[in-house]
Amino acid sequence: MAFSDPFWNMFTYDIGIDLGTANTLVCVRNQGVTISEPSVVAFNSKTKTVLAVGSEAQKMLGRTPASIVAIRPLKDGVISDFDATREMIKYFIEKVHKDSPKFFKIPRPRVVIGIPSAITEVEKKAVIDAAISAGARKVYLIEEPMAAAVGINVPVTEPLGSLIVDIGGGTSDIAVISLGGIVVDKSIRVAGDEMTVDIVNYIRSKYNLLIGERTAEEIKIKLGNAYPRKDNKSMEIKGRDILLGLPKVIKISEVEIREAMSNSLNIIIEAISEALEETPPELISDITNNGIYLTGGGAQISGINKLFLEKLKIPIMIADDPLSSVVLGASKILEDLSLLENISYSDSEEFL
Ligand SMILES: Nc1ncnc2c1ncn2[C@@H]1O[C@H](COP(=O)(O)OP(=O)(O)OP(=O)(O)O)[C@@H](O)[C@H]1O
Ligand SMILES: [Mg+2]
């Protein structure tokens with residue numbers, strides 16, 4: 001006999017997860033977004049026990065002794081370490097329930113998870129299995145651009161073409177949505193993380209200076225930009241001189257950082273152009289009228305809207321809270337599962 005929802009609701013929260021390469025966000029039904037932490041898990045390499053997850057584990061990245069490994073369980077938007085992904089989902093499910101009056105020792109939530117649109121069936125099954133073994137009793141998988149579109153109130157079920165571009169850490173997902181389905185989709189493995197690597201490489205080849213990824217990420221957030229602006233900011237950065245092997249400090253300007261990031265930005269623009277070429281004419285006209293919606297952390301790059309407008313000749317709309325668009329969509333779907341009747345998704349069976 002299947003138990004009714006009110007029965008389960010006494011014991012467990014339903015949650016939505018944006019399982020990102022860089023960040024994992026979790027929302028609880030009717031409570032909004034409750035967790036946003038980096039997607040990192042730290043293990044003891046000998047005993048395989050989990051030492052820390054999320055923000056705590058992030059601090060250990062690149063700073064661990066031999067006995068500890070801190071890893072990102074997802075790469076390019078898909079699971080690259082199954083056990084670490086399961087442990088991470090488990091940690092978030094437990095964290096959500098920790099201070100709650102719900103009294104199941106092992107929470108058994110229904111979980112809506114955002115997945116990249118280009119994911120294979122095998123990769124989908126890995127996400128479902130990881131969530132079920134972390135305690136979920138049922139899993140719904142929604143493609144991230146669809147979830148993001150729902151999250152930013154795009155009318156996804158109408159006969160209207162909308163173009164969503166989600167620039168995350170591992171992937172840039174480009175999707176044309178109409179009538180609850182994805183009509184054209186493209187996912188490329190060039191996004192925020194690649195731009196961080198671009199900065200590392202640029203500084204190494206121009207200044208013979210080696211910097212870590214955390215430093216490069218900090219530079220990207222502070223100076224990252226896609227389009228010239230009036231004031232040209234700069235900052236001092238520390239690294240190791242490759243030739244001398246000694247610490248060195250240099251000053252770097254935002255013009256240089258724009259140059260470093262431009263190749264990756266152009267690859268994303270090229271992929272959007274290709275998606276537009278594959279889009280039926282009626283939908284193109286909707287997109288030209290309504291603009292392209294930008295979500296994901298990469299939407300926060302200064303001047304990205306100006307660069308995209310110049311190159312694509314279509315207005316660009318940046319989401320109010322680009323990092324949360326996918327999880328906000330998951331949250332809306334949790335509040336009204338009947339939304340699923342009109343949009344594409346896949347789900348697991350219910351494990352009681
Ligand atoms: N202000 C900013 N300027 C430039 N890049 C930023 C900014 N804020 C965040 N980012 C970048 O956005 C990326 C993270 O975005 P997001 O959280 O949407 O990715 P994700 O969902 O974890 O990844 P994916 O969707 O690929 O699995 C990181 O590469 C981060 O450096
Ligand atoms: Mg994402």
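**Exercise 1. Helix H4**

Task: In this predicted model, find how the span of helix H4 compares with the expected one, and which of its residues are buried.

Solution:
- Step 1. Helix H4 covers residues 121-133, which makes 13 residues.
- Step 2. From its first C-alpha to its last, H4 reaches 18 Å, close to the 18 Å expected at 1.5 Å a residue.
- Step 3. A residue is buried if 20 or more other C-beta atoms lie within 10 Å of its own. In H4, Val127, Ile128, Ala130 and Ala131 are buried.
- Step 4. Seen down the axis of H4, the buried residues fall within an arc of 160°, so they line one face of the helix.
- Step 5. In general, an α-helix has 3.6 residues a turn, so residues three or four places apart point the same way.
- Step 6. Glu121 and Val122 are exposed and sit on the face of H4 turned away from its buried side.

**Exercise 2. Surroundings of H4**

Task: Which elements do the buried residues of H4 pack against, and which residue just after H4 takes a positive phi?

Solution:
- Step 1. The packing partners are strand S8 (78-79), helix H3 (82-98), strand S9 (110-115) and strand S10 (138-143).
- Step 2. Just after H4, Gly135 takes a positive phi of about 120°.

**Exercise 3. The hairpin of S4 and S5**

Task: In what sense do strands S4 and S5 pair, and which residue of the hairpin has a positive phi?

Solution:
- Step 1. Strand S4 (residues 41-44) pairs with strand S5 (residues 50-53) in the antiparallel sense, over three bridges.
- Step 2. Opposite Val41 stands Val53 in S5.
- Step 3. Five residues lie between the strands of this hairpin, where Lys48 takes a positive phi near 65°.

**Exercise 4. A sheet of three strands**

Task: Give the order of the strands in the open sheet that contains S14, S15 and S16, and name its edge strands.

Solution:
- Step 1. The order is S14-S15-S16, with antiparallel pairing.
- Step 2. Strand S14 (209-210) and strand S16 (247-253) are the edge strands, as each pairs on one side only.
- Step 3. S16 is joined to strand S15 (residues 234-241) by seven bridges. Arg240 stands opposite Pro247 in S16.

**Exercise 5. The shell around ligand 1**

Task: Which residues come nearest to ligand 1, and which element gives the most to its shell?

Solution:
- Step 1. Of the 23 residues around ligand 1, the nearest are Gly20, Ala22, Gly168, Gly192 and Gly297.
- Step 2. Helix H6 (192-207) and helix H7 (213-223) are the elements that give two or more residues to the shell.
- Step 3. H7 gives the most, with three residues.
- Step 4. By class, the shell has five nonpolar, 14 polar and four charged residues.

Terms used: Residues are numbered from 1 along each chain as its sequence is written. Chains are lettered from A and ligands numbered from 1 in the order in which they are written. This is a predicted model: local features need pLDDT of at least 70, side-chain atom pairs count only at pLDDT 80 or more; totals for chains, interfaces and linings use all residues. Two strands pair if DSSP finds at least two bridges between them. Helices (H or I, at least four residues) and strands (E, at least two) are DSSP runs, numbered from the N terminus. A residue is near a molecule or strand if its C-beta atom, placed from the backbone, lies within 6 Å of it. Ala, Val, Leu, Ile, Met, Phe, Trp, Tyr, Cys and Pro count as nonpolar, Asp, Glu, Lys and Arg as charged, and the others, Gly among them, as polar. The expected span of a helix is 1.5 Å times one less than its number of residues. A residue is buried if 20 or more other C-beta atoms lie within 10 Å of its own, exposed if 12 or fewer, and partly exposed in between; C-beta atoms are placed from the backbone. The arc is that of the directions from the helix axis to the C-beta atoms. Two residues are in contact if their C-beta atoms, placed from the backbone, lie within 7 Å.
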